[in-house]
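Visitor: Hi! I'm new to protein structures, could you walk me through this one?
Guide: Happy to, let's have a look together.

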Amino acid sequence: MCCDLKRRFLLLYATQKGQAKAIAEEIQQQAGAHGLEADMHCMSEMDKYNLETEKDPVVIVISTTGTGDPPDTARKFVKKIQDTTLPPDHFTHLQYGLLGLGDSEYTFFCNGGKTVDRRLQELGAQHFYDTGLADDCVGLELVVDPWIDGLWLALKEAFLLQKEKEGMSSNVDAVSSSLSAAPHVVHELNLSSEVQNLKLEDGGVRNSDVLTQKLVDINLVASAGDTEPSLVHSVPPVSQSALNIPALPPEYIEVQFQDTHGENPHLSSLISEGTTFEVPVTKAVQLTSEDAIKTALLLELDIADTVFDYQPGDAFCVICPNNVNEVEELLQILGLSEKGEHFVCVKVKQGTKKKGAIHPQHIPERSTLKFILTWCLELRAIPKKAFLRALVECTSDAGEKRRLQELCSRQGASDYTRFIRESNVCLLDLLHAFPSCKPSLNLLIEHLPKLQARSYSVSSSNLYQPGKLCFVFNIVEFPACPTRAVSRKGVCTGWLAELVAPLLHPNKNTLDTKGGNPSTEKISIFARPNNTFHLPADPSVPFMMVGPGTGISPFIGFLQHRQKLREERTDWEFGETWLFFGCRHQHRDYLFKQLKCFLENGTLTHLKVCFSRDSSTAEVTPPKYVQDAIRLYAKEVARVLLKERGYFYVCGDKKHMADGVSDAVVDIISMEMEVDKLEAMKTLAMLREAKRYLQDVWS
């Protein structure tokens, strides 16, 4: 079909970590096979589209970040449409379909998409297709794939309706005919692709069913003893199915190796979110004992020589590298060990079939190969199906090739979820599991997402410790398992722990020869302000804090700040403060025993601590978890929250703690207000809306 006959629709995406963009690119790619032209733009590129004058259907793919916020790339757009002076008929001409991405582990699921959807409706826009809300907790593809499948018929109907409105009925039949033919074209493309990808190197047969069976036999012979599926092995029905696999993504990156002369770009050039500061780590303390299940560290940064500013409750981001051993291992597998220090020039491939192909913003135009693999690409990212599809073409072993096809196919969706997604498999794991897979460097740059800076809650007060910033974290551990041959530490926490080892364990090998002190390491950070998780503006308002484990981190900053205010503002009235803290063992991971100091000087009114793994000889069994402790003080919780209009803060693990805490608060509201559970849930929702029940949680 000629390009000028293709019907156009506007495709907008807003992404934080690249997922929404990848899905939008998939839609754009499929559009061509359906006789359509997707005019794709990032939502932030507001100079390239105009919804006020848009006549064609609009498709929006938008993620959610933080505590239900739209992604950074959507902020200007959201601010514009939330202008209260806009009339209710502002977008009555607009037809749109919206796909929201989120994670049900968090309270405000898909709130970025819901916010845009709700506001467009308020301004008169009409749905031409039902809104889809995809859940990263169970797998985005469970909603994304069928939503995209249904999009084409909805667009066809939207175009037909548009033609009727324009009074161009003479062309309706032609448009309908061209569009309805598209699915048959796609079916043929899928079949052709299937035959091509399942064919044997030594076979001239072209029947897809025969080829599928031959490959299945090879796979079964190779693993005859396996009766359970695994990352590298499938069982019926998947192993015997003809497969619907994604279209092969067109290559669009070209990499040229150069000499070893030059300088790598500064890390600040990789960050678009704000000003970057390189600051020294001046202190490191291990807060847990050696026999604790998790190792928690407190790091102190010196920000005195910077303009970095923060409030207690804010977060900030640490720019971290990939593990040096993993980078070296990847270079070796790629056969590029000798090229690590060579500069590479990354360009968009001339004549690429990828529409709107641009140079990835997170990849410098010129830097060393090792710099790109260390600082730019998320080597630990869970490979998306499009990446698996591309890896098929780089795999020579027939059995391995078939298994990769299964993992990216519709028929292998549950295997993908179980062995890739839920197992946190990364590129290195795949390359070990499928040794005949030898991807090119350009393929990695095309498919691996940007290495994200890691976010941490501030655990200090600038008022209490001027020029200092503290934060607390557990060293994340990923044990070895069937899909991961070796244990690994978290990308950032493992790096930080190694970086500050001289501060934690000073010895003669790490002492600076001049001053006798461990050498000072520096890290690069940038601000990530939290607009809501702050102390009440009115100091006389009471508040409660719930923070087990490292969830206590922001509350140390709260209490330091409050203590300093009490010292400086003796004429002020201060409300009561509660802290519920929990850990496994009192003598192993009670992170801040100095909490008692806050209690003794009056900064903290009530401290309730529980230890979940310690045995007790008390007549009355003490509470094991913070949610149990909260229930013991039901009347006080109800008084602070409902009668005195206080604040309630929760920080820490979402699934195993924060949900239990909110359930406890709902039960308390129900009991103390003498209302049913549904009414109590509505009350809690109102408290969230009023920003008086606040969460800073992670999954």
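Visitor: Which way does strand E18 run relative to strand E19, parallel or antiparallel?
Guide: E18 (residues 543–546) and E19 (residues 577–583) run parallel, and 4 bridges join them. Keep in mind that this is a predicted model.

Visitor: Which residue in E19 stands opposite Met544?
Guide: That would be Trp578.

Visitor: And how many strands are in that sheet?
Guide: The sheet has 5 strands and is open, with the order E20-E19-E18-E21-E22 and parallel pairing. Strand E20 (606–611) and E22 are the edge strands: each has a single partner strand, so one side of each has no neighbour in the sheet. On average, neighbouring strands of this sheet are turned by 10° against each other, if you ignore direction.

Visitor: Which helix packs on the sheet?
Guide: Helix H20 (residues 654–673) does, and it touches E18, strand E21 (647–653) and E22. The direction of H20 makes about 155° with that of E21.

Visitor: Changing topic: how much space lies in the second largest pocket?
Guide: About 580 Å³. The lining of this pocket is made of 30 residues, and those nearest its centre are Asn323, Val324, Asn325, Glu326 and Arg380.

Visitor: Which elements give two or more residues to that lining?
Guide: They are helix H7 (324–334), H12, strand E16 (488–489) and helix H14 (491–499). H14 provides the largest share, with 6 residues.

Visitor: What kinds of residues are in the lining of the second largest pocket?
Guide: You'll find 13 nonpolar, 9 polar and 8 charged residues there.

Visitor: Now the backbone. What sort of peptide bond joins Pro236 and Pro237?
Guide: A cis one, with omega about 5°. Pro237 sits in the loop between helix H6 (208–222) and strand E7 (253–257).

Visitor: What is phi of Asn424 near?
Guide: Phi of Asn424 is near 55°, which is a positive value in a residue other than glycine. You can find Asn424 in the loop between helix H11 (413–421) and helix H12 (427–433). Its relative accessibility is 39%, so Asn424 counts as partly exposed.

Visitor: And what about phi of Lys691?
Guide: Phi of Lys691 is near 60°, a positive value in a residue other than glycine. Lys691 belongs to the loop between helix H21 (677–689) and strand E22 (693–698). With a relative accessible area of 41%, Lys691 is partly exposed.

Terms used. Residues numbered from 1 in each chain as written. Predicted model: local features only at pLDDT ≥ 70, side-chain atom pairs only at ≥ 80, totals over all residues. Heavy atoms only, no water. Buried < 20%, exposed > 50% of the residue type's maximum accessible area, 1.4 Å probe, protein only. Pairing = 2+ DSSP bridges. Axes fitted to C-alpha atoms, helices over the stretch in contact; angles between N-to-C directions. Contact = heavy atoms within 4.5 Å. 1 Å grid on protein atoms, 1.4 Å probe; cavity = no way out; pocket = protein on both sides within 12 Å on 5 of 7 lines; lining within 4 Å. Points joined across faces, edges and corners; volume = space filled by probe spheres on them. Nonpolar A, V, L, I, M, F, W, Y, C, P; charged D, E, K, R; others polar.
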